[in-house]
Amino acid sequence: STRTGYELEEGWNMFSWPWPYDLNVIQAFELVLGHVPTVDDFAILKDNAAEVYWPEYGFNGIGFLRPGQGYQIKVSSNSPLIGPLNFPYVAPADRNQKGSAAVNATGPGVSNNFGAPTDRIPTNQTDIRDRAHLIELLNSIEHDLLDGWNIIGTLRLEPIDAVTAFENSTIGNIETDLVLAKDYLGNALINFGFFGTPGFFNGIGDLNPGEGYQVKVENTVSNFKFQE
């Protein structure tokens with residue numbers, strides 16, 4: 001597999017959605033869990049806009065997991081999600097395009113509650129021709145960073161040094177616009193250039209597929225992406 005699993009732990013974590021398609025939050029976790037998420041799986045999921053998905057109340061204010069976006073998740077102590085978090089690939093025909101509608105919404109390629117999740121994973125993955133095509137799709141994805149804090153992920157298939165990633169990103173003037181980045185443990189990449197001294201302190205190490213990162217920028221960054 002080209003995917004690198006991201007390990008979830010009890011408590012707060014940050015993960016990202018590193019596939020080139022949107023997918024309804026509930027259905028995404030059904031593919032991993034085999035059932036609609038409950039409070040025993042995780043307490044809450046939050047996106048950068050402070051929208052939430054609460055399994056306990058069946059409330060999906062997030063709607064879709066989106067490529068390159070990061071999410072905060074609070075995992076229960078006995079959750080089956082503890083360990084590697086690998087979302088299976090789902091073909092376009094199998095994705096629910098009904099926003100935050102109930103998971104049993106009907107439509108093309110959408111089964112009631114994904115009764116057999118493994119049946120929703122095509123074996124030939126015909127819409128992604130090969131690894132090169134997948135990389136091409138991932139490299140085409142851009143999203144905006146807001147002035148201030150954001151939660152993002154990398155759309156690469158392998159780890160990359162955090163400094164290298166940000167130096168080759170589309171942040172307009174990295175020396176003055178990037179303040180710092182943090183992983184879920186609080187390890188930080190600090191841009192000394194923002195404070196007037198060239199260079200970086202890299203306490204994160206590598207950015208990893210599937211992991212989420214908090215990034216603070218000084219100005220809005222339109223069409224952000226990491227360059228391959």
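**Fold, surface and selected residues of the predicted model**

Asn223 is part of strand 18, which spans residues 221-224; strands (E, at least two residues) and helices (H or I, at least four) are DSSP runs, numbered from the N terminus. The structure is a predicted model, in which local features need pLDDT of at least 70 and side-chain atom pairs count only at pLDDT 80 or more, whereas totals for chains, interfaces and linings use all residues. Residues are numbered from 1 along each chain as its sequence is written, and side-chain values use heavy atoms, with hydrogens and water left out.

The phi angle of Asn223 is near 55°, a positive value in a residue other than glycine. Most residues other than glycine have a negative phi. Asn223 is partly exposed at 43% relative accessibility; in this classification, buried means under 20% relative accessible area, exposed means over 50%, and partly exposed lies in between (1.4 Å probe, protein chains only). A positive phi, near 70°, is also found at Ala50, again a residue other than glycine. Ala50 sits in the loop between strand 4 (42-46) and strand 5 and, with a relative accessibility of 59%, counts as exposed.

In overall terms, the protein contains 4 helices and 18 strands. Buried residues make up 48% of its 228 residues. Among contacts (heavy atoms within 4.5 Å) with a separation of 6 or more, 70% are between residues 24 or more positions apart. Accessible areas come from the Shrake-Rupley method with a 1.4 Å probe, and for residues only the protein chains shown count as cover.

Val217 belongs to strand 17 (residues 212-217) and is buried, with a relative accessible area of 1%. Apart from neighbours within four places in sequence, Val217 contacts Leu145, Leu146, Asp147, Gly148, Asn150, Ile171, Asp177, Leu178 and Val179. A distance of 9.8 Å separates the C-alpha atoms of Val217 and Phe194, which are 23 residues apart along the chain.

Two residues were examined in the loop that joins strands 13 and 14. Tyr184 lies in this loop, between strand 13 and strand 14, and is partly exposed at 22% relative accessibility. With neighbours within four places in sequence left aside, the contacts of Tyr184 are Tyr6, Glu9, Trp12, Asn13, Met14 and Glu211. The C-alpha atoms of Tyr184 and Gln72 are 8.7 Å apart, although 112 residues separate the two along the chain. Leu185 is also placed between strand 13 (178-182) and strand 14 (188-191), but is exposed, with a relative accessible area of 58%. From Leu185 to Ile204 the C-alpha distance is 9.3 Å, across 19 residues in sequence.

Charged side chains were then considered. Side chains of opposite charge can pair when their charged atoms come close. A salt bridge requires a side-chain nitrogen of Lys or Arg within 4 Å of a carboxyl oxygen of Asp or Glu, and the count by this rule is 1. The bridge is formed by the side chains of Arg66 and Asp22, at 2.5 Å from N to O. Distant parts of the chain are linked by this pair, 44 residues apart: Arg66 lies in the loop between strand 7 (64-65) and strand 8 (70-75), and Asp22 in the loop between strand 2 (11-16) and strand 3 (23-24). Both partners are partly exposed, Arg66 with a relative accessible area of 36% and Asp22 with 27%.

Surface patches consist of residues with over 30% relative accessible area and no salt bridge, like charges being joined within 9 Å and nonpolar side chains (Val, Leu, Ile, Met, Phe, Trp, Tyr) within 5 Å. Lys and Arg count as positive and Asp and Glu as negative, while His and the chain ends are not counted; each charge is placed at NZ of Lys, CZ of Arg, CG of Asp or CD of Glu. A patch of negative charge on the surface comprises Asp161, Glu167, Glu175 and Asp206. Of its members, Asp161 is located in strand 12 (residues 160-161) and is partly exposed, with a relative accessible area of 30%. Trp54, Tyr57 and Phe59 make a nonpolar surface patch of about 360 Å². Within this group, Tyr57 occupies the loop between strand 5 (52-54) and strand 6 (59-60) and is exposed, with a relative accessible area of 59%.
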